[in-house]
2 protein chains.
Amino acid sequence: MPGQRRIGRSTWVFQNDVRIIANAAVAGPMEGEGKLAGSFDLVYGDLYAGQDTWEKAERKMLEDAVETAIQKAKLTRREIDVYLAGDLLNQNISASFSAKKSQIPFLGVSGACSTSMLSLSLAAALVDGGYAGYAVAGVSSHNCTAEKQFRYPTEYGGQKPDTAQWTVSGAGVAIVGMGRQGPKICYATIGTVMDLGIKNPFDMGSAMAPAAAKTIQTHFEDTGRTPEDYDLIVTGDLASVGHPIARELLESEGYHMGEHFQDCGLMLYSAEQETFAGGSGCACSAIVTYGHLLKQMAQGRYQRILVIATGALLSTLSYQQGEAIPCIAHAVSFEMNDKEKGR
Amino acid sequence: MPGQRRIGRSTWVFQNDVRIIANAAVAGPMEGEGKLAGSFDLVYGDLYAGQDTWEKAERKMLEDAVETAIQKAKLTRREIDVYLAGDLLNQNISASFSAKKSQIPFLGVSGACSTSMLSLSLAAALVDGGYAGYAVAGVSSHNCTAEKQFRYPTEYGGQKPDTAQWTVSGAGVAIVGMGRQGPKICYATIGTVMDLGIKNPFDMGSAMAPAAAKTIQTHFEDTGRTPEDYDLIVTGDLASVGHPIARELLESEGYHMGEHFQDCGLMLYSAEQETFAGGSGCACSAIVTYGHLLKQMAQGRYQRILVIATGALLSTLSYQQGEAIPCIAHAVSFEMNDKEKGR
């Protein structure tokens, strides 16, 4: 078919030089003291980020990340044609209110923790397809807003099992445009909702692992690539319970994932930080990718990486009505030019 | 710029024959008895639609609309590459759970009542750009799920002012593909978030009117079209309070909108039905457009229409924290071939 930009059913192939022109990651205090300390553009001294509520703090983080990325790209807001963003809060308020500040034409997206790669996939398609010159993709999450909304009043200090995860506070943003420099976005593989009947909201890793494995397998089948074609394959927030399950599922399908199969939720915090099974939340994959991994690519450590962000698409109400947790994963493939690698 | 598919900053121009291949609208009992009775593919006898909760009923409506549209298109689920959907419920559960049933690669979108045209705009871009052969765009809303989530317990029967609106129960779905028949999608104009400081959640029409007027004006400026170029220009759910405000705002900018400037929220219910200022909700613009307007186009009544869906991007929490209501509007332009008009 003429002009076709997909392989298989759900892998988008970007035909132009669609690249990350600039990226920014801002982080809460705990994230700023973890294993990736020094990777972030801004670390807030406390979880209020100078605001009077946690929700306003989360929004501020997203606004700051957008502003920082635009400055790093040496662009103005007016030069950006579309802003795609989402978050974990009901009705996507961090994203929507940040779009009020940025005054960039706005498309709200919603995929729980998969929203990082969902927004980036669409941003890349809109730039590649000619619908936008520059597009901004961004997400945020905040430990206290998520706790309060999804679990118990934050002050209650409810105990959790070790399978629980720690919602990352922060925001990550990428500016996508055509260019000759920066990591190129080559493919996006869009996920299908999976539900294996897991109902425990304190074990999202186990629920999301099959969706991650499925999208990774689809990506390999569509592109003909293998695990060895990547220097790093990193899931968003499966953490210590879910990540081994994803590895096992992929092994059982014949994919030997090796040591370079990792998880953002396991890369962020140090062992001393009490985060249960590891990090989660929209910002987990976003600040690790936009704060750490793309820098590592620019420094020549990685030539080609695949980021798979997983999302648990439940609400408190769906849980209360006895529903299992439907999950999804979207994958984006980043690549440095050979020429750039040598620089 | 080569391959550019936009004019101005935010109007997308679809270069291929991107059309509505099939569409479906399902409706609750009240909608089925209103002014557009007879327009819907399915009318449910009660608001439970055979389910045991209202939320499951809303999901069932969306699932039914998706299935109906796929059948009408004479396609199978497997032939559809992407499903874009959203709704009003927290965490978009109607859309996500319906995507579990359809097993089509899924992109969740979030724009409150603007989600109908948001999902359709992106579906058209993905098909036009070559990322999908067929795309499904869908939304749902349900009077009781919205009342329960956004306002008071539904059984409480709280009194409302006349500026309030009635959330439509139903779901509307369009299948977008390349073809030679059916309404062609020509342009999409993506909105920017506006906030004029209105805080009253019982007067969404007033809050959303400026966003509608702004997107309509942008559409005219970008495309060079005028109100006279359309046979019908229809807002999504401004209803009797908001629609005159949008008209006034456009008049003050020099656009004489005329009698063919209407509102889906005013087209749906009869005068005897007590719906305050009129209909609202994601499904309002969706079932009116997909159930009624596209049929009218096929029958030759309209050659060219513009649908502007508005969204109020608040949450109960943003309201409780004293925030004003940020609003957005996205517009899609539909057109019949001259040849088809004469059939």
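Colleague: How many salt bridges does the count come to over all chains?

Modeller: Keep in mind that this is a predicted model. Over all chains, the count comes to 30 salt bridges.

Colleague: What makes B:Asp81 and A:Arg6 a salt bridge?

Modeller: The rule asks for a side-chain nitrogen of Lys or Arg within 4 Å of a carboxyl oxygen of Asp or Glu. The closest N and O atoms of B:Asp81 and A:Arg6 are 3.3 Å apart, so the pair meets that rule. B:Asp81 lies in the loop between helix H2 and strand S5 of chain B, and A:Arg6 in strand S1 of chain A, so the pair joins two chains.

Colleague: Why does B:Asp81 count as buried?

Modeller: Buried means under 20% relative accessible area. B:Asp81 has 10% relative accessibility, so B:Asp81 counts as buried.

Colleague: Why are A:Lys60 and A:Asp64 separated by about one helical turn?

Modeller: Because they are 4 residues apart in helix H2 of chain A.

Colleague: Which parts of the chain does the pair of B:Arg5 and B:Asp128 link?

Modeller: The closest N and O atoms of B:Arg5 and B:Asp128 are 3.0 Å apart in their salt bridge. B:Arg5 sits in the segment before strand S1 of chain B and B:Asp128 in helix H4 of chain B, 123 residues apart, and the pair links these distant parts of the chain.

Colleague: How do you know that both faces of strand S11 of chain A are covered?

Modeller: A:Leu232 and A:Val234 on one side, and A:Ile233 and A:Thr235 on the other, are all buried.

Colleague: What makes S11(A) and S14(A) paired strands?

Modeller: Pairing needs at least two bridges. There are 4 bridges between S11(A) and S14(A), which run parallel, so they pair. A:Leu232 stands opposite A:Ile305 in S14(A).

Colleague: What relation do chains A and B have?

Modeller: A rotation of 180° with 0.0 Å of shift along its axis superposes chain B on chain A. That is the relation of a two-fold axis. In chain B, the C-alpha nearest the axis belongs to B:Val109, 2.1 Å from it.

Definitions and conventions. Residues numbered from 1 in each chain as written. Chains lettered and ligands numbered in written order. Predicted model: local features only at pLDDT ≥ 70, side-chain atom pairs only at ≥ 80, totals over all residues. Heavy atoms only, no water. Least-squares fit on C-alpha atoms with pLDDT ≥ 70 in both. Buried < 20%, exposed > 50% of the residue type's maximum accessible area, 1.4 Å probe, protein only.
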